[in-house]
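Hi,

Here is the structure I said I would pass on.

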Amino acid sequence: MKERSFREMHVRTRFAPSPTGNLHIGGARTALFNWIWAKRWKGSFVLRIEDTDKDRSSPEFEDSIKRDLLWLGLSWDEGPDIGGPYAPYRQSERLDLYLETLEKLKELGEVYPCYCTEEELAMERKAQLARGLPPRYSGKCRNLTKEDRKKLEETGRVPSWRFKVPQKAGRIEFYDEVHKYYGLSYKDVGDFIVMRSDNIPTYIYAAVVDDHHMKITHVIRGDEHLPNTIRQLLIYQALSWDPPSFAHIPMILSREGKKLSKREGAEGIDDLRKRGYLPEAVRAYLATLSWAVEGEDFLFDLDAMAQAFDLSRVSKSSPIHGEDRLKWWGNKAIRKKDPEWVAKKLMEMAKDSGLQFVCTYESLVSLLPEAISNQATLTELFESLNWLLTRPKKPEAPPEWLMYLVNELHSLKEWKQDEIEKLLRAFQKRHGLKAREFFHPLRICITGAHSGPPLPLIMEVLGKDEVLFRLQN
């Protein structure tokens, strides 16, 4: 669709998770792409909860998903907690609408009752596979007479309702914003269930009804739904409804080229947050999974990201989830953060751990530009500053020159980085020590670490009394 057309319409996208688990990186990327596409065109982003799986859905998972979306900065314009013109926004609260629409399909002769049991359908699929055929409903209930149906119902069978796919030659196709043209032949589709026997709609059917009534203009979702779209378009046609535009983004794969599982890196957004990643880093990482971008800094700003986003530049090739790439973005995000904000977060982390920094807030702020090296998360940065929280163990064999240095440090009047460095270098030269023979043992005595910010800066931040205490003890 041309850019002008998007400007002339009120673009409406939706993220419709099932509350059967926590938000993972695949779902988060889908939410992000829907959010930035809506915001690019000054449209609306809708949160819809698809909770018709009664056994697995839970309010706790819904709350977790909403919390993670907000942490990523992806607030919604309409949703179950804030309402909107097309409420309710939980499918479990929209069952009457699905039944009402089903009656229309019955009147139009587009659906029929199916009395097959799960066991019978499983046997049918098994037999088809054994013959090398794709598993597809045979349609044996399609032409049952009224008497046939009555007899089945007298045995206690309650029917589900199947959509009557046209039995004709040819294909049904649609244009996808990512994959371009996609289609299936009518004979490969097979009659599919729209309403189960317990009056719970299937995903394929409920999503059509909801997207139509909520006036969704763009459906952006994973490409595993491409075959579902064919079936949904048949429902749109049957009801004479205009379908939305579709964009199916590629599935994120593991390094082995497999669908992500928990064991293969399908981390939840909650896991990344608890590990100390910044939301800006996670968003930027997700955005570059399938989206070819020029430049990178704008990815840390959601509004700038939205203005640059273009569905036509989303690759149809599946990206690979890589921890190294995520860490790269994590480090870049920390470096871009205001040091004052980072320092406040670190102090909060220390308080939560029952610890306290031995330096002032101002000193910590001044230290951070030098303290940040390759850390990807706030947790890693916090752990690298352990020397500001706890005193190191006494070395087994302190260097012989240490007490001489302590005496000179005692007499240093101005405890500033430059003055400390002058004293240390003069001491090293006077005692004929190589840099590694002097600075490395001294760093270990003061911090217990083998690397870190410049030693004179560390000593200034710790303060004279603390440094002398550590060296003397």
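Which helices each supply at least two residues of the lining of the second largest pocket? They are α9 (269–274), α10 (279–287), α13 (339–352) and α15 (378–384). Helices here are DSSP runs of H or I with at least four residues, strands are runs of E with at least two, and both are numbered from the N terminus.

Before the rest, some housekeeping. This is a predicted model, so local features need pLDDT of at least 70 and side-chain atom pairs count only at pLDDT 80 or more, while totals for chains, interfaces and linings use all residues. Residues are numbered from 1 along each chain as its sequence is written, and side-chain values use heavy atoms, with hydrogens and water left out.

**The pocket**

The second largest pocket holds about 280 Å³ of space. It is lined by 16 residues, and those closest to its centre are Trp71, Arg273, Tyr277, Lys345 and Leu378. α13 gives the largest share of the lining, 5 residues. By type, the lining splits into 7 nonpolar, 2 polar and 7 charged residues. (Nonpolar is Ala, Val, Leu, Ile, Met, Phe, Trp, Tyr, Cys and Pro; charged is Asp, Glu, Lys and Arg; polar is the others, Gly among them.)

On what counts as a pocket: on a 1 Å grid over the protein atoms alone, it is an open set of points where a 1.4 Å probe fits, with protein on both sides within 12 Å along at least five of seven lines, and lining residues have an atom within 4 Å of a point. Grid points are joined across faces, edges and corners, and the volume is the space filled by probe spheres set on them.

β4 covers residues 160–163. Ser160 and Arg162 point one way from this strand, Trp161 and Phe163 point the other way, and all are buried. (Buried is under 20% relative accessible area, exposed is over 50%, and partly exposed is in between, with a 1.4 Å probe and protein chains only.)

β4 runs antiparallel to β3 (residues 111–114), with 4 bridges joining them. It also pairs with β7 (residues 193–195), again in the antiparallel sense, over 2 bridges. Strands count as paired if DSSP finds at least two bridges between them. Arg162 is a handy landmark: Tyr112 stands opposite Arg162, and in β7 the bridge partner of Arg162 is Ile193.

**Some buried side chains**

Arg48 sits in the loop between β2 (44–47) and α3 (59–71). Is this arginine buried or exposed? Arg48 counts as buried because its relative accessible area is 0%. Its side chain makes polar contacts with the side chains of Glu50, at 3.1 Å, and Asp211, at 2.9 Å. (A polar contact is a pair of N or O atoms within 3.5 Å; within protein, one must be able to donate a hydrogen and the other to accept it, and residues adjacent in sequence count only if both atoms are side-chain atoms.) Leaving aside neighbours within four places in sequence, Arg48 is in contact with several residues, including Arg14, Phe15, Tyr89, Gln91 and Met214. Contact here means heavy atoms within 4.5 Å.

Lys66, in helix α3, is also worth a look. Lys66 counts as buried because its relative accessibility is 12%. Not counting residues up to four places away in sequence, Lys66 touches Leu47, Trp76, Asp81 and Arg90.

Phe427 belongs to helix α17 (residues 417–430) and is buried, at 0% relative accessibility. Its C-alpha lies 7.4 Å from that of Leu405, which is 22 residues away in sequence. Beyond four places in sequence, Phe427 touches Trp401, Tyr404, Leu405, Glu408 and Phe438.

In helix α14 (residues 361–371), the buried residues are Leu364, Val365, Leu367, Leu368 and Ala371. They pack against α13, α15 and α19 (455–462).

The peptide bond from Ala87 to Pro88 is cis, with omega near 0°. Pro88 is in the loop between α3 and α4 (95–107).

Two residues have positive phi although neither is a glycine: Lys42, at about 55°, and Ser240, at about 60°. Lys42 is in the loop between α2 (25–40) and β2, and is exposed at 69% relative accessible area. Ser240 lies in the loop between α8 (226–239) and β9 (245–249), and is exposed at 66%.

Cheers
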